[in-house]
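The structure is shown first, and the points after it are grouped by topic.

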Amino acid sequence: MQKTLSLILLFILIPLTCAACITVKVELPTDQPAGTAVPVAAVPTRVPASSTPQASNTLTPVTPTKPQPMDTPMPTLTQSPVPLPTAPGTVTTYRQLTVTIPQSIAKGASSRDFQRLDNPNAAWWQKTPGHLQVSLADYYILKGKTHQPAIYIYPASEYGLMVPAAFESIHRLNNYLYAPNNVPALNQLPNVPFINAKLLFAAHIQQVSFQNGSGVRFLAEYGQSPISANNTDLFYNYIGITRDGAWYVVAIFPVTSPVLAETPDAGAPLPTRGIPYPFAANPKANMDAYYIAITDLLNVQLPASFSPSLADLDILIQSIRIEP
């Protein structure tokens with residue numbers, strides 16, 4: 001009888017033991033919810049820039065450190081040639097530069113060749129490997145303007161090796177052309193290397209290509225200390241490079257906006273939609289907030305509201321061709 005009971009218990013326990021063997025509780029990690037894929041980190045292509053301008057009420061230009069020799073500092077551009085502008089204008093050729101100047105902007109131009117200047121006693125912003133300057137004649141208005149309308153053509157590699165600010169500008173331009181749909185932070189935009197001042201704001205940032213190259217244009221104002229946004233100092237700033245990386249291009253064209261005061265004077269009349277300049281009343285004012293507000297104000301103005309029209313200035317840039 002005892003043997004029979006033992007056999008019965010054995011037959012009951014075997015299935016229960018096997019069921020325990022095949023019933024496994026799977027526990028998910030507590031920090032990863034079920035059904036969530038683990039993200040794979042993308043390989044970074046460049047260091048992201050800050051979206052906030054550098055805060056400073058005393059603007060002192062910083063000279064970049066001396067660059068090392070560049071192996072391939074220029075972007076390789078593969079875009080198709082830009083259709084030639086159709087606006088009436090004057091076709092002008094100076095040395096390696098050919099440009100069409102719309103009649104709405106100027107009636108002609110003149111050129112000047114600058115010889116190499118690398119004297120140790122020369123200021124860094126004066127140094128040049130030799131460059132071409134083409135100045136526009138009978139520009140729409142120049143009375144009292146800080147900047148003169150001109151196009152500058154530099155040999156890119158030589159300029160970058162000689163002038164650290166040029167090296168930095170070419171590097172930033174390369175980054176911009178890599179992803180032109182991403183609006184760069186103010187401190188990541190290329191600057192004019194021969195202006196010994198800091199970029200205060202940049203509005204209407206846009207890629208504009210020319211016949212054998214590309215670059216970026218924006219409305220800008222530079223200063224060594226806080227100054228108001230005004231039509232005396234405002235200009236259309238273009239910085240570009242040829243497709244083969246051989247030539248670096250800078251264009252400066254003064255522009256006027258109906259929403260800015262005409263001069264930087266403290267008592268200059270302010271248009272109805274203008275933004276008061278806070279520094280004159282309070283030297284501790286947040287100037288970054290002021291320049292951001294100016295940028296936003298200019299960005300909502302139509303291109304045709306500026307004099308000259310931004311569209312006409314873009315046409316001039318698009319017509320540029322620089323021979324090897």
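Strand 7, residues 213-223, is mostly covered, with eleven of its eleven residues buried. The model is predicted, and its chain has an average pLDDT of 80.

**Strand 7 and its two faces**

- In a regular strand, the side chains alternate between the two faces of the sheet.
- Both faces of strand 7 are covered.
- On one side, the buried residues are Gly213, Gly215, Arg217, Leu219, Glu221 and Gly223.

**Strands paired with strand 7**

- Strand 6, residues 198-210, pairs with strand 7 in the antiparallel sense, and ten bridges connect them.
- Between strand 6 and strand 7 there is a hairpin of two residues.
- Alanine 202 has alanine 220 of strand 7 as its bridge partner.
- Strand 8, residues 235-242, also pairs with strand 7 in the antiparallel sense, here over eight bridges.
- For valine 216, the bridge partner in strand 8 is isoleucine 239.

**Salt bridges**

- How many salt bridges does the structure hold? There are six.
- One of them joins the side chains of aspartate 314 and arginine 217, with an N to O distance of 2.8 Å. Aspartate 314 belongs to helix 5 and arginine 217 to strand 7, so this pair ties together parts that are 97 residues apart in sequence.
- Are aspartate 314 and arginine 217 buried or exposed? Both residues are buried.
- Arginine 116 and aspartate 118 form another salt bridge, in which the closest N and O atoms are 3.1 Å apart. Aspartate 118 is partly exposed, at 41% relative accessible area, and arginine 116 is likewise partly exposed, at 48%.
- A further salt bridge links arginine 321 and glutamate 323, at 3.2 Å from N to O. Arginine 321 has a relative accessible area of 37% and is partly exposed; glutamate 323 counts as partly exposed at 36%.
- Salt bridges with shared partners also join Arg116, Asp118 and Glu158 into one network.

**Helix 5**

- Helix 5 covers residues 310-319.
- Its buried residues include Leu310, Leu313, Asp314, Leu316, Ile317 and Ser319.
- An α-helix has 3.6 residues a turn, so residues three or four places apart point the same way.
- At the start of helix 5, serine 309 has a side-chain oxygen that comes within 3.1 Å of the backbone nitrogen of alanine 311.

**Threonine 295 in helix 4**

- Threonine 295 is located in helix 4, which spans residues 287-299.
- Threonine 295 counts as buried because its relative accessibility is 14%, and the cut-off for buried is under 20%.
- Which residues does threonine 295 contact, leaving aside neighbours within four places in sequence? The contacts are with Phe201, Ala202 and Ala203.

**Confidence in the model**

- Of the residues in the chain, 73% score a pLDDT of at least 70.
- Over residues 1-80, pLDDT stays under 50. For this stretch, the model has 84 contacts beyond four places in sequence.
- Where pLDDT is low, the predicted coordinates should not be read in detail.

Key
Residues are numbered from 1 along each chain as its sequence is written. Side-chain values use heavy atoms; hydrogens and water are left out. Buried means under 20% relative accessible area, exposed over 50%, partly exposed in between (1.4 Å probe, protein chains only). Helices (H or I, at least four residues) and strands (E, at least two) are DSSP runs, numbered from the N terminus. Two strands pair if DSSP finds at least two bridges between them. A salt bridge is a side-chain nitrogen of Lys or Arg within 4 Å of a carboxyl oxygen of Asp or Glu. A polar contact is a pair of N or O atoms within 3.5 Å; within protein, one must be able to donate a hydrogen and the other to accept it, and residues adjacent in sequence count only if both atoms are side-chain atoms. Contact means heavy atoms within 4.5 Å. pLDDT is the predictor's confidence in each residue, from 0 to 100.
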